[in-house]
Amino acid sequence: MSRSPSSTVGPVPRFAVVGIPGNRRVTLFQEAVRAAGLPAARVVPWSAVLRGEATFRPGETVRMDSPGEDAEVERLLRAVDDPTRVEGTALWYARFTAAVREVARAAAAAGAELLDDPGDVAVLFDKRLCHGVLDGAAVPVPASATSGAGVPVVRGWADVRALMAGHRMPRAFVKLAHGSSASGVLAVETAGPGRVRATTSVERDTAGRLFNSLRVRRCTTEREVAAIVDALAPDGLHIERWLPKASQRGRSADLRVVVVAGRATHAVVRTSRSPMTNLHLGGERGSLDEVRAAGGSWAEALAVCERAAACFPQTLCVAVDLLPATGWRRFAVGEVNAFGDLLPRLTGLPGSGAEGLDTYAAQVAAVLNRARNHRATTTA
């Protein structure tokens, strides 16, 4: 297990984690808290927040974690009984961001400190807004037809087709604006009228309902692609250029890089034979040593991730999906994730300050370091 951060003098942080009781994320965070010699974190269920029943205590350090993997919370957020359903992400976003604001209000009223900024979270869970923020900060991102606030509403496949043509994007990713874990993503390729195909994990039943699948499949007709896009569109869509990515051992590759307190601390290579490298969709972990030996600029890759994270300075930890171009010499940011730190048993990068620590222990260490620095400043 992860080593403990160095001991501190004076009052130690008392954590509260807003999450799903018993969930692996909460369990791993609790292990990191215990390894640091701190009192166990008090768990505040998302269901209590959504019912207006959550309370915090003076002096607590409040960390929010994913509300996923809980059927009751899913019903409260999306009003669906089947968590594999794709639809409902616009309602999820409205209710979730309201819940995050309620956490912030209750924490402030109690005199607790929040590690995740509600404004940052709202941007991170809207791919259009996040892309616009990154682009405005000169962070390299794929070209997009839906970047930023005030973009035209994408009403369906006809709009997607027109925007791809207007922005000269024969290949594009079409994503749910508020989706996660590749839910509702289509990698679309066009080659003239009627010649359309897409790769996706979305499945559509005979009633037109959409479901997430663990099987990536190919849609080979424009009619099939249009039916899925038209069903997704009411929840909001984001369109961005499909960039050719670097490969590793014949498989498409990208990186998930965790940034804690402004510093890139953990990284994993994800490889796949499909355009989606998500590990739950059949992606595999690749070799970080091979990336660093590929002749590109590893330092530049980490710097791009840190610049992306700097766009969200009030949030302790984010995870950056980094897209390497062929040759591993240029990089673009695909997404920035609020809850992308679930990388069990992965320890910190050499020179990151998180050597020997997993992603959760690195966050605990960052809070302890910040507390030490604050005490040193106030007593100087």
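Are glutamate 240 and lysine 175 buried or exposed?

Modeller: Glutamate 240 and lysine 175 are both buried, a word that stands for under 20% relative accessible area, with exposed meaning over 50% and partly exposed in between (1.4 Å probe, protein chains only). Before going on, please keep in mind that this is a predicted model, where local features need pLDDT of at least 70 and side-chain atom pairs count only at pLDDT 80 or more, while totals for chains, interfaces and linings use all residues. Residues are numbered from 1 along each chain as its sequence is written, and side-chain values use heavy atoms, leaving out hydrogens and water.

Your two residues form a salt bridge, with 2.9 Å between the closest N and O atoms. Glutamate 240 sits in strand β9 and lysine 175 in strand β5 (residues 171–176), so the bridge links distant parts of the chain, 65 residues apart. A salt bridge here is a side-chain nitrogen of Lys or Arg within 4 Å of a carboxyl oxygen of Asp or Glu. Strands (E, at least two residues) and helices (H or I, at least four) are DSSP runs, numbered from the N terminus.

Both strands belong to an open sheet of five, ordered β8-β7-β6-β5-β9 with antiparallel pairing; strands pair if DSSP finds at least two bridges between them. β8 (210–219) and β9 (237–241) are the edge strands, each pairing on one side only. From one strand to the next, the twist averages 25°.

Arginine 204 stands opposite leucine 210 in β8. Leu210 is also in contact (heavy atoms within 4.5 Å) with alanine 231, as is Gly208, once neighbours of alanine 231 within four places in sequence are left aside. Alanine 231 lies in helix α8 (residues 222–232) and counts as partly exposed because its relative accessibility is 24%.

Aspartate 321 and arginine 256 form a salt bridge, their closest N and O atoms being 2.5 Å apart. This pair also links distant parts of the chain, from aspartate 321 in strand β14 (residues 317–324) to arginine 256 in strand β11 (residues 251–260), 65 residues apart. Both residues are buried. Shared partners join Lys245, Asp254, Arg256, Arg270 and Asp321 into one salt-bridge network. Across the whole structure, a search finds 28 salt bridges.

How values were computed: Axes are lines fitted to C-alpha atoms, for helices over the stretch in contact, and angles run from 0 to 180 degrees between N-to-C directions.
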